[in-house]
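Let us walk through a protein model step by step. Keep the sequence beside you as you read.

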Amino acid sequence: MGTHRTTLPGVGVQYDYTTESGQHISVVVHHDGRRFIGFYDQDDPDSCRLSVPLTPQEATGLAHLIDAAPIDAVRTEGIDLVTEHIPLGTRSPYGGRLLGDTKARTRTGASIVAVLRTHSAHPSPGPDFRLAIGDTLIAVGTREGVDTLSEIIAEG
């Protein structure tokens, strides 16, 4: 089970997710907000069996069905502002380090507005907040800034 994030130049970002049973699902988030969910053959991970396009509203509706916790999305149609959940995985160089070490806002213009942990949320974390593997960072900024921040968090 795990998630892999791939930047698609000129398109957006692809998130690949493999379930515990080995099923491969992919979500492509385009720069213009469109989303596609792809379902792949378990025996051939390069063979997409079905691709379902979703509008931003449909994606939010589907997220409400999947996650029991309510999602109050900020509507940003028409402006270059996005909110993303960025996982802090085992390959990140920032596990155990201070949030200030990322220099997120200085390097990308994006802000980390909250950190989610398994059983807690930490809104408005300061630069002395210690990150942990498994955290989810809530980032707000331009598409380019948030994508760059995601790459920094993932790879340093």
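What follows covers the nonpolar core and then the salt bridges.

This is a predicted model: local features need pLDDT of at least 70, side-chain atom pairs count only at pLDDT 80 or more, and totals for chains, interfaces and linings use all residues. Residues are numbered from 1 along each chain as its sequence is written, and side-chain values use heavy atoms, leaving out hydrogens and water.

Start with the core. A nonpolar core is a set of buried Ala, Val, Leu, Ile, Met, Phe, Trp, Tyr and Cys residues joined through side-chain atoms within 4.5 Å. Buried means under 20% relative accessible area, exposed over 50%, and partly exposed in between (1.4 Å probe, protein chains only). The largest such core has 17 residues. Helix α3 (143-155) gives the largest share, four residues. Helices (H or I, at least four residues) and strands (E, at least two) are DSSP runs, numbered from the N terminus. Ile 86 is among the residues with the most contacts inside the core.

Now the charges. A salt bridge is a side-chain nitrogen of Lys or Arg within 4 Å of a carboxyl oxygen of Asp or Glu. The count comes to four. One joins Glu 84 and Arg 143 at 2.7 Å, N to O. Glu 84 sits in strand β6 and Arg 143 in helix α3, 59 residues apart. Both are buried.

Arg 143 also meets Asp 147 in a salt bridge, at 3.0 Å, N to O. These two lie four residues apart in helix α3, about one turn. Shared partners join Glu 84, Arg 143 and Asp 147 into one network.
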